[in-house]
Amino acid sequence: MGNLDSLTTLLDSVCLDAVDPQGGARRILHPLTLEITQGTVAVVGANGSGKSSLLRLIAGLVEPSSGTVTFAPGPPRTGFVFANPQAQIVMPVVAEDIEFSLKQAGLARRQRRAAALEILEDMGLGERADSSVYELSSGERQKVALAGVLAVRPELVLADEPTTLLDLANAQEFQHRLLNMEVPVVVATHDLELAAQAERVLVFEGGRLVADDEPAPALTFYRQLALGQHHRR
Ligand SMILES: Nc1ncnc2c1ncn2[C@@H]1O[C@H](COP(=O)(O)OP(=O)(O)OP(=O)(O)O)[C@@H](O)[C@H]1O
């Protein structure tokens with residue numbers, strides 16, 4: 001892709017429905033039109049409000065029931081950080097997992113090991129390069145998953161509750177990385193301190209986007225909504 005500064009993600013009248021076991025349709029996301037550009041966008045909302053569904057739509061992991069998701073100037077290389085690192089670690093040895101990501105991204109075999117070690121070093125995991133992923137702590141595993149995503153130099157980062165397994169210091173370090181990425185980042189989170197540091201906050205309720213603003217007003221709105229003090233018009 002050409003100019004990273006200009007990646008725009010456009011959701012145009014996107015709806016997402018799920019078919020329930022009885023054959024009826026249940027609306028997960030109501031019509032949503034949204035443009036995402038540079039910076040970090042935090043997505044907040046109650047459990048089941050549609051945050052992960054939004055990320056999965058942008059990632060192309062699910063197709064919208066109607067409407068379109070498009071990218072300008074073209075589809076980006078997307079990195080998806082899941083809440084559960086088990087979902088994305090595929091190899092039994094730490095460095096091999098990163099090398100696998102690099103292989104998928106098309107890096108030549110002879111360059112993969114050095115590139116993997118470099119990112120692991122950078123993430124403070126250099127000494128675990130040859131460890132079995134099964135002997136890592138949950139937080140270490142989360143960092144390996146993250147390293148695998150960052151190693152491929154994504155042009156768009158989508159992160160779904162990425163810090164839940166991390167201790168305070170690691171969570172802060174991860175947040176710092178996320179907030180200082182040179183590419184657009186969309187992060188679904190219940191961590192309102194993280195959301196407060198984003199450039200923009202989207203608030204979801206029952207599958208609808210109910211606020212899209214700078215963090216301070218959006219989070220005030222969300223707190224009132226979540227704590228039942230907001231009176232709907
Ligand atoms: N494939 C599916 N089939 C049926 N229902 C689904 C499907 N995917 C999501 N849902 C439902 O859609 C709603 C939104 O789910 P989603 O995972 O997007 O919420 P969320 O805001 O990320 O929640 P949480 O904070 O708990 O992670 C939930 O009620 C969920 O059960």
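Predicted model: local features only at pLDDT ≥ 70, side-chain atom pairs only at ≥ 80, totals over all residues.

Visitor: What counts as a helix or a strand?

Guide: Both are DSSP runs, numbered from the N terminus: helices are H or I with at least four residues, strands are E with at least two. Helix H2, for example, covers residues 94-104.

Visitor: At what angle do H2 and H4 cross?

Guide: Start with the axes. They are lines fitted to C-alpha atoms, for helices over the stretch in contact, and angles run from 0 to 180 degrees between N-to-C directions. The axes of H2 and H4 cross at roughly 30° and come within 8 Å. H2 and H4 are therefore roughly parallel to each other. Angles under 35 degrees count as roughly parallel, over 145 as roughly antiparallel, 65 to 115 as roughly perpendicular and the rest as oblique.

Visitor: Is the crossing of H2 and H4 left-handed or right-handed?

Guide: A crossing is left-handed if the near helix is turned anticlockwise from the far one by less than a right angle, and right-handed if clockwise. The crossing of H2 and H4 is right-handed.

Visitor: Which residues make the contact of H2 with H4?

Guide: Two residues are in contact if their C-beta atoms, placed from the backbone, lie within 7 Å. H2 brings Val94, Asp97, Ile98, Ser101 and Leu102, and H4 brings Val144, Ala147, Gly148 and Ala151. By class there are six nonpolar, two polar and one charged residues. Ala, Val, Leu, Ile, Met, Phe, Trp, Tyr, Cys and Pro count as nonpolar, Asp, Glu, Lys and Arg as charged, and the others, Gly among them, as polar.

Visitor: How do H3 and H4 pack?

Guide: H3 (residues 109-122) and H4 (residues 138-151) have axes 10 Å apart, at an angle of about 125°. That makes H3 oblique to H4. H3 passes H4 in a right-handed crossing. Ala115, Ala116, Ile119 and Leu120 of H3 make the contact with Ala147, Leu150 and Ala151 of H4. By class these are seven nonpolar, no polar and no charged residues.

Visitor: And how do H2 and H3 pack?

Guide: Their axes are 9 Å apart, at an angle of about 115°. H2 passes H3 in a right-handed crossing. The classes are nine nonpolar, no polar and four charged.

Visitor: Which residues surround the ligand?

Guide: A residue is near a molecule or strand if its C-beta atom, placed from the backbone, lies within 6 Å of it. Around the ligand are Ala18, Ile28, Gly45, Asn47, Gly48, Ser49, Gly50, Lys51, Ser52, Ser53 and Ala188. Three are nonpolar, seven polar and one charged. Helix H1 (residues 51-59) gives the largest share, three residues.

Visitor: Which residues of H1 are buried?

Guide: A residue is buried if 20 or more other C-beta atoms lie within 10 Å of its own, exposed if 12 or fewer, and partly exposed in between; C-beta atoms are placed from the backbone. In H1 the buried residues are Lys51, Ser53, Leu54, Leu55, Leu57 and Ile58. Glycine 60 follows H1 and has a positive phi, near 80°.

Visitor: Where is the cis peptide bond involving proline 73?

Guide: The bond runs from alanine 72 to proline 73, with omega near 5°. Proline 73 is in the loop between strand S4 (66-72) and strand S5 (78-81).

Visitor: What does glutamine 88 touch?

Guide: Phe82, Ala145 and Gly148, not counting residues up to four places away in sequence. Glutamine 88 lies in the loop between S5 and H2.

How values were computed
Residues numbered from 1 in each chain as written.
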